[in-house]
Amino acid sequence: MRANLPTLDDRDRAILRLLQADGRLSNLELAQRINLSPSSCLRRVKLLEESGLIARYVMLLDEKLAGLPGTAFVLVTLDQQGRAALDAFEAAINRHPEVTECCLLAGTADYMVRVAYADAADFERIHTGILTQLPGVVRVQSTLALRTVKKTTALPV
């Protein structure tokens, strides 16, 4: 945690829950929902932003309507685990918008990559043309999601 993180009270947590559910809430509506004056509410939100706890605001797209109904989870193993090898892989993976998430792992594989794709041909393109060509990759193991049961960006605050 950051040193300048404010101590959170119930109203701060309520602000965070409401903004995670709908980042487009106006300050007035947010203030009304948590029973604060608009100026007090805005001050709290600004402190949460300045502390870094509120990292950014985004818009989430519907994957199916965006033409990317497929999700694959790919375990990637590199030939080396030194800092230079990891840095090269991470710099390269960040250049591909098809990769929606990438996590360094502790275990048999080095990374888990989440990929959004349109259809089987698109996934094959991503697999053979991108993932297997990344620096240091010696093995990829893909698992295709059949259905998403739960997906959230909200943290339990």
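**Cysteines**

I started with the disulfides, and the count comes to zero under the rule that a disulfide is a pair of cysteine sulfur atoms within 2.5 Å. For C103, I found the closest cysteine sulfur in C102, at 6.7 Å, which is too far for a bond. I also looked up exposure, where buried means under 20% relative accessible area, exposed over 50%, and partly exposed in between (1.4 Å probe, protein chains only). C41 is buried at 0%, whereas C103 is partly exposed at 27%.

**Ground rules**

A note to myself: this is a predicted model, in which local features need pLDDT of at least 70 and side-chain atom pairs count only at pLDDT 80 or more, while totals for chains, interfaces and linings use all residues. Residues are numbered from 1 along each chain as its sequence is written, and side-chain values use heavy atoms, with hydrogens and water left out.

**Domains**

I then checked the domain assignment, whose bounds come from an automatic or database source. I noted domain 1 at 10-51 and domain 2 at 64-145, with their C-alpha centres 37 Å apart. The unreviewed UniProt entry places "domain: HTH asnC-type" at residues 8-69; such annotations may be inferred rather than shown by experiment. Over residues 8-69 I read 53% helix and 0% strand, with 38 Å between the end C-alpha atoms. Helices (H or I, at least four residues) and strands (E, at least two) are DSSP runs, numbered from the N terminus.

**Largest pocket**

Which residues lie nearest the centre of the largest pocket? I found R56, V58, M59, L60 and T153, out of 34 lining residues. Elements giving two or more residues to this lining are α1 (10-21), β1 (70-78), β2 (99-104) and β3 (111-117), and α1 has the largest share, with four. Both domain 1 and domain 2 give residues to the lining, so the largest pocket lies between them. I put its volume at about 1500 Å³, the space filled by probe spheres set on grid points joined across faces, edges and corners.

For the record, a pocket is an open set of points on a 1 Å grid over the protein atoms alone where a 1.4 Å probe fits, with protein on both sides within 12 Å along at least five of seven lines; lining residues have an atom within 4 Å of a point.

By class, I got 18 nonpolar, seven polar and nine charged residues in the lining of the largest pocket. Here Ala, Val, Leu, Ile, Met, Phe, Trp, Tyr, Cys and Pro count as nonpolar, Asp, Glu, Lys and Arg as charged, and the others, Gly among them, as polar.

**Second largest pocket**

The second largest pocket holds about 330 Å³ of space. I listed 14 lining residues, with E63, P69, T71, R147 and T148 nearest the centre. Six are nonpolar, two polar and six charged.
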